[in-house]
Amino acid sequence: QVQLVESGGGLVQAGGSLRLSCAASGSTFSIGVMGWFRQVPGKEREFVTAINWSGGTTYYADSVKGRFAISRDAAKRTVYLQMNSLKPEDTAVYSCAATRVTSIRYDFWGQGTQVTVSS
């Protein structure tokens with residue numbers, strides 16, 4: 001099993017920046033990909049970005065390309081989401097998730113952290 005704990009959410013003005021962290025523990029050797037998702041009440045969960053745990057390849061949703069950056073610190077078993085040029089429409093609960101090496105399904109999820117961008 002893998003446990004994920006997010007931190008770093010909060011309230012920021014439009015145009016500002018926030019950095020989210022996701023610390024992994026447990027069987028981290030089994031992680032294939034770690035990703036960030038976000039969800040607004042009443043809407044479906046949306047993919048934001050992901051990173052290959054071993055090789056560092058990154059993926060981004062078009063809505064955040066050029067503004068958000070995902071990175072990882074393997075030694076700390078932590079993934080970061082740097083969010084710049086934030087917009088009110090980025091307001092959501094952000095959750096990190098992980099797949100197993102042998103799967104493309106996100107089986108492990110954190111509890112989520114609220115990000116609110118004021119206009």
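Is R100 buried, partly exposed or exposed? R100 is partly exposed, as its relative accessible area is 30%; buried means under 20%, exposed over 50%, and partly exposed in between, with a 1.4 Å probe and protein chains only.

The model is predicted, so local features need pLDDT of at least 70 and side-chain atom pairs count only at pLDDT 80 or more, while totals for chains, interfaces and linings use all residues. Residues are numbered from 1 along each chain as its sequence is written, and side-chain values use heavy atoms, with hydrogens and water left out.

Let us turn to strand β4, residues 31–39. Strands are DSSP runs of E with at least two residues, numbered from the N terminus. Because 8 of its 9 residues are buried, β4 is largely enclosed by the rest of the structure. Strands pair if DSSP finds at least two bridges between them. β4 runs antiparallel to β9 (residues 92–100), joined by 7 bridges, and G35 faces A97 there. With β5 (residues 46–52), β4 pairs in the antiparallel sense over 6 bridges, where F37 has F47 as its bridge partner.

Now for the charges. A salt bridge puts a side-chain nitrogen of Lys or Arg within 4 Å of a carboxyl oxygen of Asp or Glu. The structure holds 6 salt bridges, including these:

| Pair | N to O distance |
|---|---|
| R38 and E46 | 2.8 Å |
| R100 and D107 | 2.5 Å |
| R105 and D107 | 2.6 Å |

Salt bridges with shared partners also link R38, E46, R67 and D90 into one network.

Key:
Helix = DSSP H or I, 4+ residues; strand = E, 2+ residues; numbered from the N terminus.
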